[in-house]
Amino acid sequence: MPGRAHPAARGVLEHVLARHGLAFGQQVTLRTLVAAGTPLTADDVVARVRGSLKAAPVDIRATLDALAARQSVLADDALLRPADAGRELLAAVGAETAPLAARIWGGIPDEDPAGAGRVLVPATERADAQLAELTA
């Protein structure tokens, strides 16, 4: 059973993203720019997204290029920021996924995710450390 919830929930999200012509990595990258609240350099975006997706920098930069091509991300000199179209896209995806997420995660007692977190946080930290060793 471990490891099945994330792929199942991600599959639901990816289905919604596909209807909007957006890949999972593009959504994570765009959300990273929106959440930053201020423009970021491409290197900053790469560092933040790499921590989330464990993707290669070249792939994250290609994702930024794709988002710029669809005018979801704007470049001002060396700084990147989400365009209004990018914000609107994330809002549309969020509105569509919110009721789905509520049906998936709703009704689970608060102590269950907290217990899962106590297991998954150290496991994630250990996996990150192993990945760092493998890619050093």
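This is a predicted model: local features need pLDDT of at least 70, side-chain atom pairs count only at pLDDT 80 or more; totals for chains, interfaces and linings use all residues.
**Two packed helix pairs**

Two packed helices are described by the angle between their axes and the distance between the axes. The table gives both values for each pair.

| Helix pair | Angle between axes | Distance between axes |
|---|---|---|
| Helix 1 (residues 5-19) and helix 5 (residues 84-105) | about 155° | 10 Å |
| Helix 2 (residues 24-36) and helix 4 | about 80° | 10 Å |

Let us begin with helix 1 and helix 5. Their axes make an angle of about 155°, and angles over 145 degrees count as roughly antiparallel, so helix 1 is roughly antiparallel to helix 5. The crossing of these two helices is right-handed. On the helix 1 side, the contact is made by Ala-5, Ala-9, Val-12, Leu-13, Val-16, Leu-17 and Arg-19. Their partners in helix 5 are Val-93, Glu-96, Thr-97, Leu-100, Ile-104 and Trp-105. By type, the residues of this contact comprise 10 nonpolar, 1 polar and 2 charged.

Now for helix 2 and helix 4. Here the angle is about 80°, and the range from 65 to 115 degrees counts as roughly perpendicular, so helix 2 is roughly perpendicular to helix 4. Helix 2 brings Gly-25, Gln-26, Thr-29, Leu-30 and Leu-33 to the contact, where they meet Thr-63, Leu-64, Ala-66 and Leu-67 of helix 4. This contact holds 5 nonpolar and 4 polar residues, with no charged ones.

**A closer look at helix 2**

Helix 2 has 13 residues, and from its first C-alpha to its last it reaches 18 Å, close to the 18 Å expected at 1.5 Å a residue. Its buried residues are Phe-24, Gly-25, Gln-26, Gln-27, Val-28, Thr-29, Leu-30, Thr-32 and Leu-33. The residues of helix 2 that meet helix 4 include Gly-25, Gln-26 and Thr-29, and these three are buried. Just after the helix comes Gly-37, with a positive phi of about 80°.

**Positive phi in two loops**

Positive phi also turns up in residues other than glycine. One of them is Gln-71, with phi near 60°. Gln-71 sits in the loop that runs between helix 4 (57-69) and strand 2 (73-76). Is Gln-71 buried or exposed? Its relative accessible area is 56%, and exposed means over 50%, so Gln-71 is exposed.

Asp-77 has a positive phi too, near 55°. Its place is the loop between strand 2 and strand 3 (79-82). Asp-77 counts as exposed because its relative accessibility is 84%.

Definitions and conventions
Residues are numbered from 1 along each chain as its sequence is written. Side-chain values use heavy atoms; hydrogens and water are left out. Helices (H or I, at least four residues) and strands (E, at least two) are DSSP runs, numbered from the N terminus. Buried means under 20% relative accessible area, exposed over 50%, partly exposed in between (1.4 Å probe, protein chains only). Axes are lines fitted to C-alpha atoms, for helices over the stretch in contact, and angles run from 0 to 180 degrees between N-to-C directions. Angles under 35 degrees count as roughly parallel, over 145 as roughly antiparallel, 65 to 115 as roughly perpendicular and the rest as oblique. A crossing is left-handed if the near helix is turned anticlockwise from the far one by less than a right angle, and right-handed if clockwise. Contact means heavy atoms within 4.5 Å. Ala, Val, Leu, Ile, Met, Phe, Trp, Tyr, Cys and Pro count as nonpolar, Asp, Glu, Lys and Arg as charged, and the others, Gly among them, as polar. The expected span of a helix is 1.5 Å times one less than its number of residues.
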